[in-house]
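Please look through the sequence and the model below before reading on.

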Amino acid sequence: MSDVSATRSDDETLLTRLRAALGADRVRAGSWVSDKYLSDWSTEKGGRPVAVVLPGDTADVSRALAVCHELRRPVVPQGGLTGLAGGAVPAEGAVALSLERMNRIEALDADAATLTVQAGVPLQAIQEAAVAAGFLCGLDLGARGSCQIGGNISTNAGGNRVIRYGMTRDLVLGLEVVLPDGTVLSMMNQMTKNNTGIDLKQLFIGSEGTLGIVTRAVLKLHPGIAGANTALVALDSFESALKLLRHARQALSGQVSAFELMWTDYYRAATTLGGARAPLAPDHPLYVLMDMQSPLPQEDAPRFEAVLEHALAEGWAVDAAIAQSHGDAEDFWALRDSVAEMLPKLAPTINFDVSVPISSIGACVERMRAAMEDGFPGIAHMYFGHVGDGNVHIVAGPLPQDGGQTEHAIEQAFYTIVRELSGSVSAEHGIGLHKRPWLEYSRRPAEIELMRTLKQALDPRGIMNPGKIIAS
């Protein structure tokens, strides 16, 4: 029998076993595999899966993994496919396992302030359920309408509110995970305090589906809010931004919910290419979008305004605009979120998501700017990010069509700077395929070797999301 015939025979055996275990309606193959399962929002290219499995519950996931484990067939978990690092891109001949049908919100405990959900629930649905019950989901990011909570957990997503509520890791109390052999690991803890040995759920948060598949979660909610005080502030330097951040955190008792910094190149692009309204003149070095969420925003307005008045009096701020309405606040946020409108006009681009110690952010950006101007003249570059938690995003483009040589050279330059500043090549998007070559710039050899040890221990046959984070 030829290799091709053997492969086809293996595929048919796999499909027969999967259909017998889950039902034919939950296994798609051949022309029934939609192109939407072939890629995520990254530029990474994978292969065509032999099947897409659409489980309806944890038992389905368990049965599917048991079959794939026995037949040694790779499995690529998929959520909303909004990742930017290629973490959900399928491998050739793998089984893509989509959680999209596992989209039920199971329970909301108002006394404990927890929400129990299946992994395929979109983040926006979780936010809306929390608000309807008088609570707040602390996780928020631009892809909220498309991304799924299982993917957020698997990548330890960050977003706009990390400065106040933390990363996804800080918002998860309990998890249910299916291991590669189909074993269901139920860790659906609903308590804030539980010191009974190693917290196993933390192994799976941020592991990008390489150790198992998250199927359900218990999420921690926060008290509801009625609105926010929002301002756009122009600054003369990064040092002034740090002074404003320190003062705001102290004066507002930790209620600063966002502190988004935009350098002048980004602000100008947002108000031209991005089409956003410019509340302040476009000639200042830096701009901060700051807000303070609270249950009584009108009563808190004087404290918020006092922070801005102090910044102006001290000379840290050179101009400021306070949102007078919900529409004004939306306009301010449209500036920060306008990158989606800019990217098509700068394509092809290279996009970075890095973090360094907060005190080093100014130096990091200046070194990156110098590297671009010296080595890549003519390529536009813009800087913005969640500076309150050390996260900087960079967009550069259009890139020349040179087979990726310029892209690789810019990555080499930028990640070298990040490494020298003891930073991270991925602040919140994960490693996936795209950043795997640069993992050693942020993790020591002993750390990477321990990752391999954990992978081998939990997935000895190497079927879970192969090639992601570390090489197979």
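Helices (H or I, at least four residues) and strands (E, at least two) are DSSP runs, numbered from the N terminus, and two strands pair if DSSP finds at least two bridges between them. This is a predicted model, in which local features need pLDDT of at least 70 and side-chain atom pairs count only at pLDDT 80 or more, while totals for chains, interfaces and linings use all residues. Residues are numbered from 1 along each chain as its sequence is written, and side-chain values use heavy atoms, with hydrogens and water left out.

Begin with the sheet of seven strands, which is open and has the order E15-E12-E14-E13-E17-E18-E16, with antiparallel pairing. Its edges are strand E15 (317–322) and strand E16 (350–355), each of which pairs on one side only. Neighbouring strands of this sheet are turned by 20 degrees against each other on average, direction ignored. Such angles run from 0 to 180 degrees between N-to-C directions, and axes are lines fitted to C-alpha atoms, for helices over the stretch in contact.

Within this sheet, follow strand E14 (residues 286–294). On one side, strand E12 (residues 227–235) runs antiparallel to E14 and is joined to it by nine bridges. Leu235 has Leu286 as its bridge partner in E14, and Ala228 has Gln293. Strand E13 (residues 256–263) also pairs with E14 in the antiparallel sense, over seven bridges. Here Val256 stands opposite Met292 of E14.

Is E14 mostly covered or exposed? Nine of its nine residues are buried, and the strand is mostly covered; buried means under 20% relative accessible area, exposed over 50%, and partly exposed in between (1.4 Å probe, protein chains only). In a regular strand the side chains alternate between the two faces of the sheet. In E14, Leu286, Val288, Met290, Met292 and Ser294 point one way, Tyr287, Leu289, Asp291 and Gln293 point the other way, and all are buried.

Helix H9 (residues 297–314) lies across E12, E14 and E15, and runs at about 10 degrees to E12. Helix H12 (residues 361–375) lies across E13, E16, strand E17 (380–385) and strand E18 (391–397), running at about 170 degrees to E17. Contact here means heavy atoms within 4.5 Å.

A further sheet is open and has four strands in the order E1-E2-E4-E3, with mixed pairing. Its edge strands are strand E1 (27–29) and strand E3 (75–78), each pairing on one side only. The twist averages 25 degrees from one strand to the next. E3 pairs with strand E4 (residues 95–98) in the parallel sense over four bridges, and the bridge partner of Val75 in E4 is Val95. Helix H2 (residues 58–70) packs on the sheet and touches strand E2 (51–53), E3 and E4, its direction making about 170 degrees with that of E4.

Ala270 lies in helix H8 (residues 264–270) and counts as buried because its relative accessibility is 0%. Not counting residues up to four places away in sequence, Ala270 touches Gly275, Ala276, Leu335, Ser338 and Met342. Asn152 belongs to helix H4 (residues 149–155) and counts as buried because its relative accessibility is 3%. Leaving aside neighbours within four places in sequence, Asn152 is in contact with Leu123, Leu139, Leu141, Cys147, Ala157 and Thr168.

On a 1 Å grid over the protein atoms alone, a cavity is a set of points where a 1.4 Å probe fits but cannot get out, and a pocket is an open set with protein on both sides within 12 Å along at least five of seven lines; lining residues have an atom within 4 Å of a point. Grid points are joined across faces, edges and corners, and a volume is the space filled by probe spheres set on the points.

A search of the whole structure finds one cavity of 30 Å³ or more. The largest cavity holds about 40 Å³ and is lined by Cys137, Leu139, Ile149, Thr168, Leu171, Leu219 and Lys220.

The second largest pocket holds about 1000 Å³. Of the 36 residues in its lining, Arg161, Ile225, Ala228, Gln293 and His326 lie nearest its centre. Helix H10 (326–337) is among the elements that give two or more residues to this lining, and H10 gives the most, with five residues.
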